Amino acid sequence: MSNEQNGRVALVTGTSRGIGAAIAADLVKAGYRVAGTSRSGAAPEGVLGIAADITDPARVDAAYKRVEDGLGPVEVLVANAGITRDGLMAAMKDEAWGEVIDTNLSGAFRTVRRAVRPMTRARFGRIVLVGSVSAYVGTPGQANYAASKAGLIGMARSIAGELGSRGITCNVVAPGFVRTDMTDELPENVRAEYLKHIPLRRAAEVGDIAAAVRFLCSDGAGYITGTVLPVDGGLGMGR
Ligand code: NAP
């Protein structure tokens with residue numbers, strides 16, 4: 001273990017699989033003490049796994065209490081948990097809109113809100129929100145998802161402005177097309193269409209996203225805030 005970060009406490013949401021599991025495992029390897037939440041509570045080895053639905057503020061608060069009791073105050077937060085409920089706009093049900101906004105945008109809001117006071121007290125904090133290239137390129141069939149991810153950018157920049165004087169940074173990492181359960185569900189023709197527009201001609205691996213997140217969480221990234229870092233193989237470049 002490199003112990004790069006001297007045992008700082010990190011909380012990652014959505015660690016039961018996919019990108020969140022990779023981020024949590026990567027932070028453990030870099031020397032953080034890591035807790036991870038999801039509805040199931042599953043988390044990779046070395047991560048304190050906690051069951052908490054981010055659509056429920058009481059469960060979010062209870063999760064923080066468990067981290068504080070077990071590891072100490074959260075210094076690094078990665079709000080990664082997210083869902084899709086795709087459908088064309090004309091036929092999109094209120095439930096599909098509401099669930100996605102409540103999880104991806106309001107869930108991140110609840111998670112960050114609970115982190116802010118302890119970070120302010122410590123005069124140190126790293127907050128990374130996992131967004132998406134969809135926020136600025138738009139994705140047909142994903143108006144709800146793209147809106148939730150675009151919302152994260154405005155939220156991150158507002159937080160950056162509010163809390164910068166306390167040594168707290170807030171940034172967005174915007175993955176493009178990543179190989180996970182979420183994208184494995186897509187039809188083959190949609191996957192092939194994406195690859196045509198990616199200059200690097202491959203999907204991202206979860207480790208590509210984890211490496212970018214780790215950098216923004218590090219002490220060395222202390223002068224970077226309010227930014228959106230695309231990790232998308234060039235898919236959204238210039239937008
Ligand atoms: P995934 O494999 O579906 O994993 C999503 C994670 O979020 C799971 O651990 C899930 O755990 C958790 N989660 C979902 N709803 C939750 C809730 N209400 N409360 C707590 N945890 C919840 O997705 P992924 O592909 O790794 O995506 C991770 C993030 O990256 C998401 O924000 C996604 O929008 C973003 N992203 C992904 C891609 C991609 O290509 N995959 C591209 C751009 C952005 P439980 O089911 O156990 O709750």
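This is a predicted model: local features need pLDDT of at least 70, side-chain atom pairs count only at pLDDT 80 or more; totals for chains, interfaces and linings use all residues.
Leaving aside the neighbours within four places in sequence, Asn171 is in contact with Ile127, Val128 and Leu129, with Leu216, and with Ile224, Thr225, Gly226 and Thr227. Asn171 belongs to strand 6, which covers residues 168-175, and because its relative accessibility is 0%, below the 20% limit, Asn171 counts as buried. Among the residues that Asn171 contacts is Gly226, and here the side chain of Asn171 reaches the backbone nitrogen of Gly226 at 3.1 Å.

From the strand we may turn to the helices. Two packed helices are described by the angle between their axes and the distance between the axes. For helix 1 (residues 18-29) and helix 8 (residues 206-217), the axes come within 8 Å and cross at roughly 50°, and helix 1 and helix 8 are therefore oblique to each other. The crossing in which helix 1 passes helix 8 is right-handed. On the side of helix 1, the contact is made by Gly18, Ile19, Ala22, Ile23, Asp26 and Leu27, while helix 8 contributes Val206, Ile209, Ala210, Val213 and Arg214. Sorted by class, the residues of this contact between helix 1 and helix 8 are 8 nonpolar, 1 polar and 2 charged.

A second pair is formed by helix 3 (94-122) and helix 5 (residues 143-163), which pack at an angle of about 15° with their axes 8 Å apart. Since angles under 35 degrees count as roughly parallel, helix 3 is roughly parallel to helix 5. The crossing of helix 3 and helix 5 is right-handed. In helix 3, the residues that meet helix 5 are Ala96, Trp97, Val100, Ile101, Asn104, Leu105, Ala108, Phe109, Val112, Val116 and Thr120; their counterparts in helix 5 are Ala143, Asn144, Tyr145, Ala147, Ser148, Lys149, Gly151, Leu152, Met155, Ile159 and Leu163. The residues in this contact of helix 3 with helix 5 divide into 16 nonpolar, 5 polar and 1 charged.

The loops hold two arginines whose backbone angles deserve attention. Most residues other than glycine have a negative phi. Arg123, however, has a phi near 55°, a positive value in a residue other than glycine, and Arg123 is found in the loop between helix 3 and strand 5 (125-130). With a relative accessibility of 52%, Arg123 counts as exposed. Arg201 likewise is not a glycine and yet has a positive phi of about 55°; its place is in the loop between helix 7 (188-196) and helix 8. Arg201 is exposed too, because its relative accessible area is 56%.

The last stop is Ala43, in the loop that lies between strand 2 (33-38) and strand 3 (48-51). Is Ala43 buried, exposed or partly exposed? Its relative accessible area is 31%, and Ala43 is therefore partly exposed. Once the neighbours within four places in sequence are left aside, Ala43 is in contact with Thr15 and Gly49. Ala43 and His197 stand 154 residues apart along the chain, and their C-alpha atoms are separated by 33 Å.

Notes: Residues are numbered from 1 along each chain as its sequence is written. Side-chain values use heavy atoms; hydrogens and water are left out. Helices (H or I, at least four residues) and strands (E, at least two) are DSSP runs, numbered from the N terminus. Buried means under 20% relative accessible area, exposed over 50%, partly exposed in between (1.4 Å probe, protein chains only). A polar contact is a pair of N or O atoms within 3.5 Å; within protein, one must be able to donate a hydrogen and the other to accept it, and residues adjacent in sequence count only if both atoms are side-chain atoms. Contact means heavy atoms within 4.5 Å. Axes are lines fitted to C-alpha atoms, for helices over the stretch in contact, and angles run from 0 to 180 degrees between N-to-C directions. Angles under 35 degrees count as roughly parallel, over 145 as roughly antiparallel, 65 to 115 as roughly perpendicular and the rest as oblique. A crossing is left-handed if the near helix is turned anticlockwise from the far one by less than a right angle, and right-handed if clockwise. Ala, Val, Leu, Ile, Met, Phe, Trp, Tyr, Cys and Pro count as nonpolar, Asp, Glu, Lys and Arg as charged, and the others, Gly among them, as polar.
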